[in-house]
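Please read the notes below with the model open beside you, and look up each place in turn as it is named. They are written for someone who is new to reading structures.

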Amino acid sequence: CYLADALTSCAGYYTRLRNHLDEMAEQRAHVLEFHTEVISIIRAMMLKCFIIEKQPPQVMKRDTRFSAAVRIIAGERWGFAIKQPVIKVVLINAEQAQSVLRVLNHSILEDPKIQPCGEVLNGDKVMEYSSQTKTVHFQFKGLVLKKLHRAADRRAAELVTEEKFGVYFQCMVNLPYKSSYPPHAFSDSHVTLHACSLPVTVTVHGSQSPAAEATIFWDNSFAPRNRESFAHPGAHSWGELKTRISDCFMKNTNRWLNDEALTYLGMKVLNTETTEDLDKKLVSWQAFAKDTLKKPDRNFTFWEWLYSAIDLIKKHFLPMWKDNLIEGFISKARTEALLRAPTTEPHTFLLRFPDSTQGMISISYKQPDDTVKHFIYSAKDLNKCDLAQRILDPTVFKFLYPHHPKEIKFQKYYKASKEEVPGYEKDLIKAHVPNPLEQYDSHSNPCTPLQHQPADFTDDFLMESIDYNMHNMNPYPNPNQF
């Protein structure tokens, strides 16, 4: 806002100065040189005044709509309120984006050579003037990237999701001159305003999104300010990277990662079992987004593991994550050590993201014989029965680590049962985990054991249907009462 006001004041000053010089046209031999200098200043200012007010998405999908907005600061002062300029939008490659940024960063008064590498539908529009805000702007709501020409010399090891582009906005505006100036003055009577977006990647399928997001995350995290290219940043210390990862979680899930979680993540990406000088060790792009995790060997990368965790949080238990009810990034060994501690009561549980698979959450709990059981659930499992229900329904889960009764912590997330429909019976699907001490079914042959759980992971809870008329009421209160 302050920058816009300052530029508007400067624009007004130089516009008045130009008008005074116009009135002195009869003395043009004396003022033409000064006039040219003023026009150069105005042109440089106008280049700075053309801004992208709303950036396009940095991960774009072909044939999918996206939006963006541009604005000319102090546009009314330049006279654009009367004659709104036409703006054009195209997609350019990284090399062309470099030339645009060089012009903008160094205020070079020349038009960059642009050869579009992608066709953007609905990209030719006339900018609008708002009498209320006194701004010249345009908001694109229906841009669609259709054709795309990728670089033919792209390295074989480089994925298509690593190729970066820029969304280029351009419009040509005229500067008013009086006819009393000599003909050569008209050669500079127009200014080409241009702006280039932040780097974007283009996908054609949803499965490419994680890799594309990795490219953008790495670029945004470590790109130098006022850079002149979309060059790929090299390796960086874990101390730098962990801060960006925590920022990423805060942006997407509204919660920072604690030091213990970041230390665990650092040991995973660096493939080390020691924390000595961890922050000083370098993490390469290859290790971050291309190599699969080691110790033990996995079939997914470090970034894919993080990305799937963020996606699971946002879609299935964001409120619980924000309330710090989910430990998240902690090793299985550390989890078992905490739960087996003498001060930890039996039936205490902890929620974490297992490193053996991606996009899943694990409930680990302490049994009465001091052993620890682990139950793992995917997004598909949570669609059938949400996490709060899987915690509150089973009787074997009683305390959230270290000693919080589960009803106090999770009851507000328990979904209320649907209203009764006249003439129909209502049932409840309830999650259940057999108590390990109940080894035999009291209503059957005592020599026949109950069906036991797998030794380590299980995909589904046993589900049982409960008739409300038999039980008279829902055993859990309506969460709206709390």
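1. Aspartate 63 lies in the loop between strand S2 (59–61) and strand S3 (65–72), where helices (H or I, at least four residues) and strands (E, at least two) are DSSP runs, numbered from the N terminus. Its phi is near 65°, a positive value in a residue other than glycine. Aspartate 63 is partly exposed because its relative accessible area is 46%; buried means under 20% relative accessible area, exposed over 50%, and partly exposed in between, with a 1.4 Å probe and protein chains only.

2. Before going further, please keep in mind that this is a predicted model, in which local features need pLDDT of at least 70 and side-chain atom pairs count only at pLDDT 80 or more, while totals for chains, interfaces and linings use all residues. Residues are numbered from 1 along each chain as its sequence is written, and side-chain values use heavy atoms, with hydrogens and water left out.

3. Of the contacts (heavy atoms within 4.5 Å) with a separation of 6 or more, 66% are between residues 24 or more positions apart.

4. Is strand S14 (residues 348–352) largely enclosed or open? 5 of its 5 residues are buried, so S14 is largely enclosed by the rest of the structure. Thr348, Leu350 and Arg352 point one way from the strand, whereas Phe349 and Leu351 point the other way.

5. The neighbours of S14 can be followed through its pairing, where two strands pair if DSSP finds at least two bridges between them. Strand S15 (residues 360–366) runs antiparallel to S14 and is joined to it by 4 bridges, with leucine 351 having isoleucine 363 as its bridge partner. Strand S17 (residues 399–400) runs parallel to S14, with 2 bridges between them, and there phenylalanine 349 stands opposite leucine 400.

6. In the loop between S17 and strand S18 (404–405) you will find proline 402, which is joined to tyrosine 401 by a cis peptide bond with omega of about 5°.

7. Just after H5, asparagine 254 takes a positive phi of about 60°.

8. Helix H6 (residues 259–270) and helix H8 (residues 302–316) have axes that come within 10 Å and cross at roughly 145°; axes are lines fitted to C-alpha atoms, for helices over the stretch in contact, and angles run from 0 to 180 degrees between N-to-C directions. Tyr264, Leu265, Lys268 and Val269 of H6 meet Phe302, Trp305 and Leu306 of H8 in this contact.

9. Finally, cysteine 196 counts as buried at 12% relative accessibility, and cysteine 248 counts as buried at 13%. With a disulfide taken as a pair of cysteine sulfur atoms within 2.5 Å, the count comes to 0 disulfides.
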